[in-house]
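Please open the structure in the viewer and keep the selection tool at hand.

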Amino acid sequence: MSSLEIAKQYYTSFNQKNWDGMLALLHPEVRHEANQGDVRIGIEKFTGFLQKMDESYEENLTDMVFFTEPTDSRIAVEFTVNGIYKKGEEGLPEAYGQTYVLPAAAFLELKEGKISRVTTYYNLPLWIELVSKPKND
């Protein structure tokens, strides 16, 4: 598969909540650079991240646009995150099922036919604003 095909399959797996499908596309020493926090190295740490995300968020990505470069080793993707905030995390607002729509982007690097780096960017202050609306009782 080309890098573009691998990237598209990775995000299809994400939208299908096929975590095993996503993990199968990752290099064993994948470097995960999340928008906030520490860099995670390796599939085990990435798996832990996915589990935490699955507990706290229900997300679907739409409006995906993929960009490639001539060496077929890097992909950029722009998308819209359509989410539900299910479970609060330390340092973030309380969760009670708030919905959000947020623009985001990611950069993927591939080597040996596997995704070796995932770097994700989004506007965290905007996300906090979107989920900080008062709870309607």
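Select E58 and K86: their side chains form a salt bridge, with N and O 3.7 Å apart. A salt bridge here requires a side-chain nitrogen of Lys or Arg within 4 Å of a carboxyl oxygen of Asp or Glu. E58 belongs to strand β3 (residues 57-68) and K86 to the loop between β4 and β5, so the pair ties together parts 28 residues apart in sequence. Helices (H or I, at least four residues) and strands (E, at least two) are DSSP runs, numbered from the N terminus.

The model is predicted: local features need pLDDT of at least 70 and side-chain atom pairs count only at pLDDT 80 or more, while totals for chains, interfaces and linings use all residues. Residues are numbered from 1 along each chain as its sequence is written, and side-chain values use heavy atoms, leaving out hydrogens and water.

E58 is partly exposed at 29% relative accessible area, and K86 is partly exposed at 37%. Buried means under 20% relative accessible area, exposed over 50%, and partly exposed in between (1.4 Å probe, protein chains only).

Next, select K87 and E55, a salt bridge whose closest N and O atoms are 3.5 Å apart. K87 is in the loop between β4 (74-85) and β5 (98-111), whereas E55 is in helix α3 (residues 43-56).

Finally, select E109 and R117, which meet in a salt bridge at 3.1 Å, N to O. E109 is partly exposed at 24%, but R117 is buried at 16%.
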